[in-house]
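Student: I am new to this structure and would like a close look at a single part of it. Could you walk me through the sheet and the helices that go with it?

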Amino acid sequence: MDDQPVLDPLGALRAPGDPVADVYLTGTVFLDIIFTGLDSAPVRGTESWARGMGSSPGGIANMATALARLGLHTTLAAAFGDDVYGDYCWDSLESGEGIDLGPSRRIPGWHSPVTVSMAYEGERTMVSHGHRAPPPEDAVPACPVPARAAVASLGHRGEAGESDEAWIARAAATGTKVFADVGWDDTGRWDRADLAGLRHCAAFLPNAEEAMRYTRTSSPREAARRLADLVPLAVVTLGAEGACAVDSATGETAEVPALLVEALDPTGAGDVFVAGFVTGTLAGWPLADRLAFASLSAALSVQEFGGSLSAPGWTEIAGWWEQVKALAGQPRADAEALRRYAFLDALLPAALRRGPLRRAVPTIGFRPASAG
C-alpha cells in the first residue's frame with residue numbers, strides 16, 4: 001500500500017461530517033490459488049504443469065483491494081475462517097491494503113472458502129469449495145455502515161444475513177450511492193425479479209451476456225438501453241470490445257474500446273472495472289472518462305496474476321500513462337489512447353510518475369528471515 005496515500009481522488013470533495021467510509025462492501029472472501037502459463041485446458045487422467053502460480057485473497061476481496069489501491073476508504077463486512085488461510089486473508093486486507101474490517105468477523109472452526117483458478121488461452125477455469133458461514137452468535141455491527149457508496153451483488157445476502165434488496169434499500173435510504181452487479185444465473189431462468197434491488201441503486205454494471213439474457217435482447221447496447229429503464233445508469237462491459245453506458249437521467253450515452261494488452265490472468269478484471277468506475281463516479285468525472293478509467297484499470301490488472309494482488313494503484317496507472325506519452329510521435333504510438341486518456345495529466349501528480357510496481361507473489365507468504 002506504498003502508493004495509496006499519494007493520491008486521494010476525493011480529496012477536493014471531502015468535508016467535515018462526511019462518512020468515514022467511501023465504499024462499503026459485503027460478500028464472501030475466498031483464498032484464491034491461481035495457476036498461469038498453461039498451454040491448454042487440463043486433460044482428464046493427465047498431470048499439467050503451470051509455468052506460474054500465485055495466491056491471494058479473492059471473491060469480494062478483489063474489489064475491496066482495487067478500491068483501496070485507488071485511494072478510497074474501503075470498509076468490508078465478511079466472514080473469515082480461523083484457519084491459516086483466514087489469517088492470511090485478514091492480514092493481507094487489513095495490514096497490507098488498509099481496508100477497514102470493523103464489520104467483519106472471525107469464525108472459530110469454520111474453514112476459509114478456496115478457489116483454484118487456471119488461466120489459459122485468455123480465459124480461466126475455476127474450481128471452488130466452501131460452506132456457508134454460520135449465522136452470528138452475537139449481534140454484528142450495523143450493516144451497512146454509513147458510506148458515500150456501496151457495491152452490491154444482486155442475489156446475495158449481506159454479512160448480517162439480510163437479502164440483497166433489504167440492505168441495499170437501507171443503504172440507499174441513508175444517501176449511499178449503490179452500484180450493483182450480478183452473477184451468472186446457473187438456473188437459466190434469468191428472472192427479472194432477481195433485479196428488484198435495482199430500484200434502490202444508482203448504477204448497474206453487468207457483463208454483456210448477463211445484460212442480454214436479463215433483457216431478452218440480442219445486442220449488449222440494446223440491453224443497456226433496456227436496463228436504463230430500471231436504474232439511472234446502466235453500464236455493460238463488452239469484453240474485448242470495451243464497455244458502453246446509458247445514463248437515463250441525462251440521456252447521455254458513451255462507449256469506449258478495450259485496451260489491447262497481453263493478458264496473463266483475467267481473474268478479478270470485472271471487479272477492478274467496477275472499482276475504477278465507482279472511483280470516477282464519486283470524483284464527479286464525465287461518463288466517458290469513467291468508462292475509460294475503468295477499462296484501463298481492468299486492462300492493467302489482467303497483465304499480472306491474481307484477482308486482488310493484480311489490482312493497479314496510482315503508481316501503475318501513472319507508469320502506463322508515461323509509457324504511452326513517451327511513444328508519442330513514434331510509429332508505435334497509440335494516438336487513440338493519447339486522446340482518450342489526456343484527462344490523466346491533470347489528475348496524476350509528478351510524485352507518482354515512476355515505474356509500475358509488481359504486485360503478485362508466488363505463494364501465501366514467506367517466513368521472515370531469522371536474525372543472525
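This is a predicted model: local features need pLDDT of at least 70, side-chain atom pairs count only at pLDDT 80 or more; totals for chains, interfaces and linings use all residues.

Tutor: Happy to! Four strands form an open sheet in the order β3-β2-β7-β8, and their pairing is mixed. The edges belong to β3 (52-59) and β8 (123-129); each has a single partner strand, so one side of each is left without a neighbour in the sheet. On average, neighbouring strands here are turned by 20° against each other, direction ignored.

Now look at one pair inside that order. Strand β2, residues 29-36, runs parallel to strand β7, residues 114-120, and five bridges join the two. To find your place along this pair, look for aspartate 32, which stands opposite threonine 115 in β7.

Next come the helices on the sheet. Helix α1 (residues 60-69) packs on it and touches β2 and β3, with a direction at about 90° to that of β3. Helix α2 (residues 84-96) lies across β2, β3 and β7, and runs at about 75° to β3.

Finally, here is a helix pair to compare by eye. The axes of α6 (residues 269-283) and α7 (residues 287-301) come within 8 Å and cross at roughly 145°, and this crossing is right-handed. Among the residues that meet there are Val272, Phe273 and Phe277 from α6, with Leu287, Leu291 and Phe293 from α7. By type, the residues of this contact divide into nine nonpolar, seven polar and one charged.

Definitions and conventions: Residues are numbered from 1 along each chain as its sequence is written. Side-chain values use heavy atoms; hydrogens and water are left out. Two strands pair if DSSP finds at least two bridges between them. Axes are lines fitted to C-alpha atoms, for helices over the stretch in contact, and angles run from 0 to 180 degrees between N-to-C directions. Contact means heavy atoms within 4.5 Å. A crossing is left-handed if the near helix is turned anticlockwise from the far one by less than a right angle, and right-handed if clockwise. Ala, Val, Leu, Ile, Met, Phe, Trp, Tyr, Cys and Pro count as nonpolar, Asp, Glu, Lys and Arg as charged, and the others, Gly among them, as polar.
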